[in-house]
Amino acid sequence: MSPAIVFERVSITYPDAPHPALTAVDLTVEEGELCLVVGRTGSGKSTLLGAVNGLVPHFTGGTLQGSVRLLGRDTREHRPRDLADIVGVVGQNPLAGFVTDTVEEELAYGMEQLALAPDVMRKRVEETLDLLGLADLRHRALRDLSGGQQQRVAIGSVLTTHPRVLVLDEPTSALDPTAAEEVLAAITRLVHDLGVTVMLAEHRIERVLQYADRMVHLSSDGRAESGPPAELMVTSSVAPPVVELGRLAGWTPLPLSVRDARRRVGPLRERLSHCAPQPRRRRPSDGIGVPALRARGIVVRYGEVVAVNDIDLTLRTGEVTALMGRNGSGKSSLLWALQGSGRRDRGRVAVVAGREVVSDVDLRAGIAPATLNPATLDPATLDPATLDPAQGRQLVGLVPHEPGDLLYLDTVVGECERADNESRANAGSCAYLLERIAPGIAPSQHPRDLSEGQRLALVIAVQLSADPAVLLLDEPTRGLDYGAKRRLRDVVHELADRGRAVLLSTHDVEFVADTADRVVVLADGEVVADGPTADVIVSSPAFAPQVAKILSPQPWLTVRDVQAALAPRTATSGASTSASSTSASSTSTVAPS
Amino acid sequence: MTSTTTSWGSRRQGSPTRPSVRQRARRLPRGLHPGAWWLWAISLAVAASRTTNPLLLAIMLAVTSLVVVARRGDAPWARAYRLYLVLGAVIIVLRVLLHVAVGFKYGDHVLLRLPEVPLPGWAAGIQVGGTVYVEGLLGAVFQGLRLATLIACIGAANALANPKRLLRALPGALHEIGVAFVVSLTVAPQLADSVHRVRRARRLRGDTVRGIRAVGRIAMPVLQDALDRSILLAAAMDSRGYGRSVQAPPRTRHTSGALVLTGLMATCIGTFGLLDAQSATVLGLPALLTGLVLAAAGMGVGGQRVRRSTYRPDPWRAPEWATATCGLAAVAAMLWVGYTDPSALTAPLQPLAVPALPLVATAGILAAGLAAIVSPVPLSTASTTPIPVSPPVTERAQERPRP
């Protein structure tokens with residue numbers, strides 16, 4: 001085997017950046033390998049992937065030192081378009097990279113540019129349609145496809161040119177678990193059957209790790225280590241639950257897949273058989289746990305399509321509810337309908353409690369309550385859709401799927417001040433919240449220069465400055481690394497402990513297992529399951545978290561639970577000292593039950 | 001291309017609904033060559049530009065709409081025709097408002113007396129305020145209607161043919177222009193999406209500011225979004241090999257660039273001459289033809305070195321010829337009437353009378369409507385089979401009791 005990708009002492013510095021994005025990276029990927037790139041948010045994963053086919057620096061600007069060679073071709077002499085016949089690149093957002101309008105044309109586009117003969121093109125399009133299971137969609141408009149379908153079309157559109165190297169940037173980040181498996185199955189098939197070299201970056205390592213032959217770990221200073229996944233995972237700054245469980249149990253070499261772990265789990269299961277999972281958080285008491293939001297008969301339809309079909313939902317104070325379901329099952333539509341800003345064709349929403357019970361332990365401690373006083377309003381009329389937006393957001397706050405849409409000023413501090421004005425809150429309350437949620441953001445920074453996690457934190461702070469009784473989060477974990485997710489978990493738990501109701505939609509089963517008290521599963525706009533997290537997700541083949549799969553039939557959900565059970569009984573559950581949450585849970589103030 | 005029918009070749013070519021026997025006996029559904037639709041639509045637009053006769057314009061609008069409704073597909077761009085009609089209506093209203101505000105008023109039948117601002121003598125042709133007459137107002141309405149019809153014709157072309165498919169014909173010498181076109185054509189509809197998203201998001205912040213101040217708050221995120229998307233798309237095109245074989249020496253590039261530019265300018269002048277009945281004859285068809293020849297030559301020179309192939313190229317067969325002929329018939333009829341009986345093409349305003357309905361012109365326009373019959377039914381873009389839906393996971397979950 002000869003090397004497919006060779007990085008030699010590569011450093012990349014973007015203009016105006018204080019330090020290089022990549023520093024002296026040496027990397028060799030052999031032909032036919034699947035190479036997984038991991039690292040925290042902002043550690044340069046996208047830069048590394050972009051450098052493979054020369055988009056960095058040809059397209060993005062910046063300077064590259066050292067050399068990148070792709071099957072012998074140096075990116076200094078070859079522009080991305082000159083490498084198109086040997087490397088295919090799929091970006092994070094497939095829709096943004098589509099050049100044509102229909103599936104079939106998109107598959108053919110790359111081949112047209114390479115001037116392949118018409119009969120070859122015709123044959124390869126059909127082969128690719130079959131390989132990725134797209135035959136039924138061939139004439140469909142790309143914009144009307146679901147996320148998983150779009151991702152498969154994007155992969156197919158670069159495959160038709162028969163590249164020997166495939167570069168994928170977060171191919172499953174926007175997909176539900178089932179669609180992600182579909183895409184990963186297609187990728188592994190390419191590696192195994194066709195010998196394609198694949199380099200991919202992924203935040204949800206648990207989905208990909210078991211397929212990787214090589215791993216590249218990028219640290220925050222832009223340095224890279226590369227090696228076999230099992231070795232690098234011992235010290236990696238980001239690790240999936242299966243690895244964390246392996247670290248906890250002291251297994252060497254570390255297991256990378258559920259299957260590996262299950263073969264070794266015997267003794268651990270034995271130790272755990274004597275204890276049951278401890279209650280995860282303080283159970284509701286004194287005024288907490290009463291209904292906060294009652295929705296009856298919610299219907300949302302777009303033309304012929306019924307997105308939300310007659311849903312009844314009650315959210316309780318102090319409870320974190322996760323909304324799951326495949327792409328297009330109506331999660332976002334339901335959230336927007338509940339908030340009242342989005343479309344709602346039928347149904348009533350009433351925010352019946354939540355603010356009055358918590359006035360003394362206000363998250364904005366020491367800040368005067370907002371002007372809207374629920375006591376003066378008839379509870380039956382507390383529908384955020386009927387109030388004006390400024391009042392509606394004091395009842396129900398929503399953080400949308402694209403948090404950046406809410407930001408339009410050019411500094412963080414400007415956004416915070418504007419939020420205080422909009423919420424009629426005291427000056428400084430939004431900045432105070434932001435500091436609590438994500439410490440250390442420079443006030444003069446431009447919101448667009450923040451990392452995904454920081455931007456999300458800013459928008460959450462903006463929405464919380466109105467102190468809503470109910471907070472809705474639409475896909476908050478997209479683009480977050482494990483550390484950022486843990487911080488988000490703590491923020492959400494703190495809100496719930498202070499009597500707010502939280503509803504979040506997500507595809508991330510590990511985050512749900514770690515965060516939610518209750519799970520609601522939507523399919524086709526209807527609720528198909530609703531119950532405590534453990535009951536709903538443990539036995540589900542698609543939604544079960546890794547720890548549950550490993551320790552099945554015992555009902556454990558997260559490494560934290562296992563650790564709490566193994567730790568001496570004097571330890572409190574909230575301040576557990578799990579390797580996963582040492583830094584994160586220090587802010588948690590939950591008392592033992 | 002026709003010889004490559006493999007075992008897959010004819011699969012899924014049929015319409016999604018099972019065709020009846022009678023339908024099957026007729027032509028197979030397929031997309032008409034976009035060039036044919038554009039030729040047809042531009043012909044109609046040229047015809048419309050020659051007349052202010054409201055009857056003829058109304059027939060033309062009806063014919064255009066009929067063809068669009070009969071032959072547009074279900075692709076996203078096909079939904080835009082209504083927008084063009086709305087735009088046309090807005091233009092008529094604007095034209096009337098302009099006439100009332102600053103237009104030169106004429107006629108005998110007083111409609112509305114407005115105060116007039118006296119202007120110096122050199123400002124002849126502009127009249128701020130003043131009495132509005134029925135004749136002048138109708139003249140403005142008909143001129144607006146003409147422009148609206150032109151716009152509807154262009155809208156019809158956009159709805160019937162995917163503009164991006166036309167760009168396939170663009171020679172490699174115009175690589176950068178091609179990128180710009182594709183990016184703008186792709187990002188423009190996404191812009192509408194992001195405006196909608198941002199406006200919705202503003203309500204989440206309780207921000208109900210309207211008017212000019214709101215524009216800034218919406219424009220910032222939307223424009224940034226559009227910029228990001230444009231760069232992403234351009235990068236995607238580059239990494240998929242767009243324009244990879246453009247390695248023409250500078251001299252060839254300059255020659256072809258000069259030829260294309262001169263050609264396009266001549267085409268513009270020619271089009272203007274053709275549309276403006278008062279200009280010299282030499283500015284019309286001859287200039288247009290010269291321009292087209294020059295542009296074609298330039299593209300030929302520039303495109304020599306480009307190696308690119310076309311996947312399932314649109315064939316140009318009998319229906320294409322028929323459709324184009326239908327459109328050209330309308331132009332020919334209109335030109336002929338304009339030559340023999342020019343007064344029939346204008347609405348009689350002084351004195352006011354019912355406009356004439358010249359037989360030849362009407363027949364020509366109706367002939368253009370035949371395009372709805374001679375062109376094939378478009379291919380449906382919908383899925384040929386329903387998307388498979390896997391059973392909800394929780395069903396299985398409930399079957400297995402928890403230990």
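How far apart do the C-alpha centres of domain 1 and domain 3 of chain B lie? In this predicted model, in which local features need pLDDT of at least 70, side-chain atom pairs count only at pLDDT 80 or more, and totals for chains, interfaces and linings use all residues, the two centres lie 26 Å apart. Residues are numbered from 1 along each chain as its sequence is written, while chains are lettered from A and ligands numbered from 1 in the order in which they are written. Chain B is divided into domain 1 (31-168 + 316-379), domain 2 (172-246) and domain 3 (250-305), with bounds that come from an automatic or database domain assignment.

Between the chains, 58 residues of chain B are in contact with 73 residues of chain A, contact being defined by C-beta atoms, placed from the backbone, that lie within 7 Å. On the side of chain B that touches chain A, helices H7 (175-204), H8 (212-239) and H14 (393-399) of chain B each supply at least two residues. Helices (H or I, at least four residues) and strands (E, at least two) are DSSP runs, numbered from the N terminus. H8(B) gives the most to this side, with twelve residues.

A residue is buried if 20 or more other C-beta atoms lie within 10 Å of its own, exposed if 12 or fewer, and partly exposed in between, with C-beta atoms placed from the backbone.

In chain A, six strands form an open sheet of mixed pairing in the order S15-S16-S17-S13-S18-S19, where two strands pair if DSSP finds at least two bridges between them. Strands S15 (396-399) and S19 (526-532) of chain A are the edge strands, each pairing on one side only. From one strand to the next, the twist averages 15°. S15(A) pairs in the parallel sense with strand S16 (residues 470-474) of chain A over four bridges, and A:Val396 has A:Val470 as its bridge partner in S16(A). H16(A) packs on the sheet, touching S15 and S16 of chain A, and its direction makes about 165° with that of S15(A). Axes are lines fitted to C-alpha atoms, for helices over the stretch in contact, and angles run from 0 to 180 degrees between N-to-C directions.

Five of the five residues of strand S13 (residues 320-324) of chain A are buried, so this strand is largely enclosed by the rest of the structure. A:Val320, A:Ala322 and A:Met324 point one way from S13(A), and A:Thr321 and A:Leu323 the other way. Four bridges join S13(A) in parallel to strand S17 (residues 501-505) of chain A, with A:Ala322 opposite A:Leu504. Four bridges also join S13(A) in parallel to strand S18 (residues 518-523) of chain A, where A:Arg518 is the bridge partner of A:Thr321.

Methods:
Contact = placed C-beta atoms within 7 Å.
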